[in-house]
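My entries follow in the order in which I looked things up.

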Amino acid sequence: MPMASPGTITALTAKFPLVIKSEFRGETRVVLPVEQLLEIMGFLKGELGFDYLVDITCVDYLNYRDARDRFGLVYLLSNISANERLTARVYLNEPNLTVPSVVPLWEGANWLEREVYDMFGIVFDGHPDLRRILCPEEFTAYPLRKDYPMQGRGERHNFMRLGRDET
Amino acid sequence: MALELPENVVISKLDALASWCRKNSLWPMPFATACCGIELMATGASKHDLARFGAEVFRFSPRQCDLMIVAGRVVMKMLPVLQRIWSQMHEPKWCISMGACASTGGVFDTYSVVQGIDRFLPVDMYVPGCPPRPEQLIQSIIDLQDKIQREGTISGREFTTAARQQPKRALVEVAAASQLDSARNPVF
């Protein structure tokens, strides 16, 4: 897996000193402050050439060992021409689960952010169409949160029962 | 008074004749959502040849079918669709719940997977297995044919008889199990 080049990381940390950088098995990871998220993402796309947003996903660190924050929002970025990859994270805590949407930068973030909203309840400010994408529209819970019971809260049984007479 | 019948004359009841016609021309509606659907296709294909039992005409329109085969897990977003398709089928109609997932939810005991379609639909036959072999599905269709021969009438009143409305033994067990479950987990 190609990692981000040292020049890329140096340019990023020189412009944004609050960015924390780490590496693990050839993967470069940066932790971004949520206040500067959109600015840094614009820099990563515009100046450093990360033109492709691979995925947006989220981790719930509830009851996780040594975790200080509740949610870790993960952006997987790729620079196709230079063959670089970068993992960018933002940590979020309740009740401030709002981050700026990156749809203005990468159009493909539309459904990715909708999925994170559906499963974790992270609100993306400025998203053009923030609706649930996987669960039914009348669903109220966020099922991938760790405090949601695996068997649900009875949602799977809230249906009309059809007998032999109702046809 | 004994009547001498010619050899080529058979005496029967009209009900039995209608049931005999029905049971030998079942038109299945494949509601295949998962791996059971592959076995369902194999059942209809040349090796197992469901045509031997008069049920080879798979139609994807519920209006043309009288046997719904639910093959695979049904999630809560899919269940209203399933119910609508079932409602669109004409009487008389029957339902086979094929495989562990359709019958009980299988291993998918999660918030989104319906724990058995018989909670929300009338089911005539349950086929165990994960997925069931085509032979099992064929056996369930043969058993269903016996059931249609026994219970079918030309007026369709079999669907309102008291015996038909009685919950099946397996359903009673499911109800008892869900009571146990609700005692264990009150939000169930």
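**Strands of chain B**

I began with one strand pairing: the bridge partner of B:Pro30 in strand S2 of chain B is B:Ile69. I note that this is a predicted model, in which local features need pLDDT of at least 70, side-chain atom pairs count only at pLDDT 80 or more, and totals for chains, interfaces and linings use all residues. Residues are numbered from 1 along each chain as its sequence is written, chains are lettered from A and ligands numbered from 1 in the order in which they are written, and side-chain values use heavy atoms, with hydrogens and water left out.

Strand S1 (residues 28-32) and strand S2 (residues 67-71) of chain B run parallel and are joined by five bridges. Helices (H or I, at least four residues) and strands (E, at least two) are DSSP runs, numbered from the N terminus, and two strands pair if DSSP finds at least two bridges between them. From S1(B) the chain passes through helix H2 (residues 36-44) of chain B to S2(B), a left-handed β-α-β crossover. A crossover is right-handed if, with the strands pointing away from the viewer, the path from the first strand over the helix to the second runs clockwise.

I then looked up burial, where buried means under 20% relative accessible area, exposed over 50%, and partly exposed in between (1.4 Å probe, protein chains only). In S2(B), five of the five residues are buried, so the strand is largely enclosed by the rest of the structure. B:Leu67, B:Ile69 and B:Ala71 point one way, B:Met68 and B:Val70 the other.

On to the next strand: S2(B) is joined by five bridges to strand S3 (residues 94-98) of chain B, and the two run parallel. There B:Ile69 has B:Ile96 as its bridge partner. The crossover from S2(B) through H3(B) to S3(B) is right-handed.

**Where chains A and B meet**

I found 29 residues of chain B in contact (heavy atoms within 4.5 Å) with 24 residues of chain A. The two chains bury about 2,400 Å² between them, 55% of it on carbon and sulfur atoms. Buried area is the accessible area (1.4 Å probe) that two parts lose on being put together, summed over both. B:Met76, B:Tyr111 and B:Phe120 supply 30% of the area that chain B buries against chain A, more than any other three residues.

Which side chains meet in a salt bridge? They are those of A:Arg156 and B:Asp109, at 2.9 Å, N to O. The rule (a side-chain nitrogen of Lys or Arg within 4 Å of a carboxyl oxygen of Asp or Glu) finds one salt bridge across this interface.
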